[in-house]
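Trainee: I'd like to go through this one slowly, starting with its pockets and then looking at a helix. Could you walk me through it?

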Amino acid sequence: MWTITLLSIAAFLVWYIWELQHRKTRAMSGGLHSNITLPHEQEWELYHNDFSLCSKKSRVCLAELGIPYKPHHIDLIETGSYETLSRHYLQVNPAAIVPVLVHKGHPIYESHDQLEYAAAHSSNPNLLVPQDAAKRELMDHWVHKSSLIGDNPLEAIDETAGNAIPGLTTPIFAAMVVHIPTRRILTGLLFHRLKVRAVFFLALKLFGLKNLAKMKPVVALLHSSKKAMQIHFDELEATLAKSGGPWIVGDQFTLADVGIMVIFDRLREGDWLDEFLIEARPAARAYWKALQNRPSYKAGVADHMHPMVTQGTQDIIDLKQSDQTFRTAMTTS
Ligand SMILES: N[C@@H](CCC(=O)N[C@@H](CS)C(=O)NCC(=O)O)C(=O)O
């Protein structure tokens with residue numbers, strides 16, 4: 001018995017050490033990495049995930065620019081497995097995150113950099129980037145505001161709306177991860193560069209959506225993220241009122257609108273919109289309607305709706321109706 005146990009432990013350790021050598025992860029800086037060349041078939045290729053916020057941003061941008069690309073769908077643990085930690089994907093991005101835009105074989109990391117890069121290398125570099133300096137500055141401000149920055153965005157939820165999003169995504173994460181076998185989440189504990197993320201998913205899996213309200217740190221995170229997002233929405237409302245709309249800088253749809261479109265959509269997925277699109281924010285309400293009418297919303301977002309996300313949204317709506325504790329955790333601040 002002892003011999004079998006010891007042999008199993010030894011076999012596991014040998015496998016683990018071998019795998020660690022072949023699944024090396026590290027942070028990658030943003031922008032174009034012309035020193036890396038990946039196998040490719042088309043001028044533009046995109047490694048993305050249907051559910052991922054940053055992937056949506058890159059897909060919408062490419063759709064707006066009319067850039068055709070070869071898609072490579074990569075699973076995240078919420079949508080099925082840690083494909084981001086596979087040996088194959090780590091060749092594409094050792095940081096083990098999506099999206100990665102590939103131009104002529106060279107990867108561009110960080111979605112906000114992908115937007116700038118794609119716009120600059122498209123056939124019409126001015127299409128999504130205003131020529132007027134003040135408008136350009138305003139666009140840059142909102143591209144930043146919509147960005148998910150750094151390894152721990154939760155540290156800077158007041159800085160950007162993008163950083164306030166992961167906290168508000170927690171209920172939908174919980175609704176999705178409940179369908180994922182625990183052993184797959186454990187892969188993250190073994191190989192993820194940021195182990196805390198795998199621990200977080202494991203906790204969500206163990207508690208489930210129904211018990212989310214019992215996870216005090218998660219409820220605190222929901223509330224602080226919501227509070228921060230309200231302030232970002234106040235600023236958005238004021239910006240839209242000042243520019244006169246329909247877009248952030250006025251009459252030109254820009255990269256800023258690409259970034260903010262996906263923030264709205266994530267709030268839709270988490271059934272949060274009623275809390276942000278209140279009557280006192282008429283400009284933001286009209287803006288969201290206009291965003292959904294863009295063909296790029298269909299191409300980059302609606303056409304990629306993942307069945308697990310659609311189900312997760314419905315689970316949140318249903319639980320809010322049937323469970324007062326959950327409703328209170330979600331609706332109070
Ligand atoms: N700052 C990065 C953030 C990318 C990011 O966090 N991607 C998420 C999906 S939206 C991811 O790949 N998560 C996988 C993981 O952490 O395991 C960007 O803008 O591209």
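**Pockets and a helix**

Mentor: By class, the residues lining the largest pocket are 31 nonpolar, 11 polar and 7 charged, and please keep in mind from the start that this is a predicted model.

Trainee: How much space lies in the largest pocket, and which residues are closest to its centre?

Mentor: The largest pocket holds about 1200 Å³ of space, and of the 49 residues that line it, Leu 148, Asp 151, Pro 153, Pro 166 and Arg 197 are the closest to its centre.

Trainee: Which helices supply at least two residues each of that lining?

Mentor: Those helices are α2 (53–65), α4 (111–120), α6 (161–177), α8 (195–207) and α9 (216–243), and in terms of domains, the lining draws at least three residues from each of domain 1 (27–120) and domain 2 (133–331).

Trainee: What about the second largest pocket, what volume does it have?

Mentor: Its volume is about 170 Å³, and its lining divides into 4 nonpolar, 3 polar and 3 charged residues, among them His 22, Met 28, Ile 36 and Pro 94.

Trainee: Which helix gives the largest share of the lining there?

Mentor: That is helix α3 (residues 87–92), which contributes 3 residues to the lining of the second largest pocket.

Methods
Residues numbered from 1 in each chain as written. Predicted model: local features only at pLDDT ≥ 70, side-chain atom pairs only at ≥ 80, totals over all residues. Heavy atoms only, no water. 1 Å grid on protein atoms, 1.4 Å probe; cavity = no way out; pocket = protein on both sides within 12 Å on 5 of 7 lines; lining within 4 Å. Points joined across faces, edges and corners; volume = space filled by probe spheres on them. Helix = DSSP H or I, 4+ residues; strand = E, 2+ residues; numbered from the N terminus. Nonpolar A, V, L, I, M, F, W, Y, C, P; charged D, E, K, R; others polar. Domains from an automatic or database assignment.
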